[in-house]
Amino acid sequence: LRATLDSTGDGILVVDNHQTIITTNNQFIEMFNIPRDWIIQKNDNPVLGQVTSLMVEPEAFLSKVIKLYASAQTDRDVLRLKDGRIIERYSEPLVLQNQVSGRVCSFRDVTDLRKAQEALYTSEEKYRLIVEKSNDVIFTFDVSEILTYISPSVRNALGYNPAELIGHTFGSLVHPEDLQVLRK
């Protein structure tokens with residue numbers, strides 16, 4: 001069990017209904033900077049206090065934890081830390097002999113993923129604006145030469161609505177004598 005818990009990149013915390021720590025892994029300890037002796041003592045209160053102190057919205061976090069301890073529901077949410085990290089928390093009831101006896105929580109640091117998604121969105125937005133504001137007709141097509149995108153400037157250049165051209169072949173819009181040159 002220890003090797004399994006420590007082999008994951010996620011922080012894992014398992015507590016019983018009395019807020020006693022059953023087990024955790026090294027990633028959880030490191031993620032939230034928990035002193036190891038607190039884990040040995042098995043009391044969840046100081047650990048919860050430490051984690052709460054790192055939250056952007058500590059009251060909302062603590063309120064959610066209290067609800068989770070009293071719940072038999074699976075839960076997923078996003079935690080925002082003061083240091084800028086973004087953590088996804090997945091929480092599942094711990095069921096033993098058909099009774100909820102605690103919670104298993106996993107914590108995944110998705111900060112880099114979220115930053116990459118935001119950078120991609122920003123880049124795509126810039127690209128979209130450049131293409132849509134250009135006077136040149138810009139288009140994309142797939143390997144079958146089917147148009148998948150054509151810029152709004154086609155309206156001024158050729159008199160077409162971009163939507164009516166999507167799905168047509170590239171060759172159907174080009175003079176036959178120019179087709180081979182353009183394909184090259």
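This is a predicted model: local features need pLDDT of at least 70, side-chain atom pairs count only at pLDDT 80 or more; totals for chains, interfaces and linings use all residues.
User: What is the order of the strands in the open sheet?

Analyst: The sheet has five strands with antiparallel pairing, and its edge strands, each of which pairs on one side only, are β2 (21-24) and β3 (75-80). Averaged over the sheet and with direction ignored, neighbouring strands are turned by 20° against each other. Strand β1 pairs with β2 over three bridges and with β5 over six bridges. The order is β2-β1-β5-β4-β3.

User: Which residue in β5 stands opposite Val 15?

Analyst: Val 15 can be followed through two pairings, and in β2 the residue opposite Val 15 is Ile 21. In β5, the residue that stands opposite Val 15 is Arg 103.

User: What angle does helix α6 make with β4?

Analyst: Two helices may be described against this strand. Helix α5 packs on the sheet, where it touches β1, β3, β4 (86-96) and β5, and its direction makes about 20° with that of β4. Helix α6, residues 111-133, lies across β3, β4 and β5, and runs to β4 at about 135°.

User: Is Arg 89 buried or exposed?

Analyst: Arg 89 is found in strand β4, where the residue opposite it in β5 is Phe 107. Because its relative accessible area is 3%, and the cut-off lies at under 20%, Arg 89 counts as buried.

User: Which side chain makes a polar contact with the side chain of Arg 89?

Analyst: The polar contact, at 2.7 Å, joins the side chain of Arg 89 to that of Asp 77.

User: How many residues does the largest nonpolar core have?

Analyst: The elements that give two or more residues to this core are β1 (11-16), α2 (26-31), α4 (44-53), α5 (58-69) and β5 (99-109). Those with the most contacts inside the core are Phe 28, Phe 32, Ile 34, Val 51 and Phe 107. One of these, Ile 34, is in contact with Phe 28, Ile 29, Ile 39, Val 47, Gln 50 and Val 51 when neighbours within four places in sequence are left aside. The number of residues in the core is 20.

User: What distance separates the C-alpha atoms of Lys 42 and Ile 21?

Analyst: Lys 42 lies in the loop between α3 (36-41) and α4, and, not counting residues up to four places away in sequence, it touches Gln 19, Thr 20, Ile 21 and Ile 22. Although Lys 42 and Ile 21 are 21 residues apart along the chain, the separation of their C-alpha atoms is 4.6 Å.

User: Which residue's backbone oxygen lies 3.2 Å from a polar atom of the Lys 42 side chain?

Analyst: Lys 42 counts as partly exposed, at 34% relative accessibility, and its contacts include Thr 20 and Ile 22. The backbone oxygen at 3.2 Å from a polar atom of its side chain belongs to Ile 22.

Conventions: Residues are numbered from 1 along each chain as its sequence is written. Side-chain values use heavy atoms; hydrogens and water are left out. A nonpolar core is a set of buried Ala, Val, Leu, Ile, Met, Phe, Trp, Tyr and Cys residues joined through side-chain atoms within 4.5 Å. Buried means under 20% relative accessible area, exposed over 50%, partly exposed in between (1.4 Å probe, protein chains only). Helices (H or I, at least four residues) and strands (E, at least two) are DSSP runs, numbered from the N terminus. Contact means heavy atoms within 4.5 Å. Two strands pair if DSSP finds at least two bridges between them. Axes are lines fitted to C-alpha atoms, for helices over the stretch in contact, and angles run from 0 to 180 degrees between N-to-C directions. A polar contact is a pair of N or O atoms within 3.5 Å; within protein, one must be able to donate a hydrogen and the other to accept it, and residues adjacent in sequence count only if both atoms are side-chain atoms.
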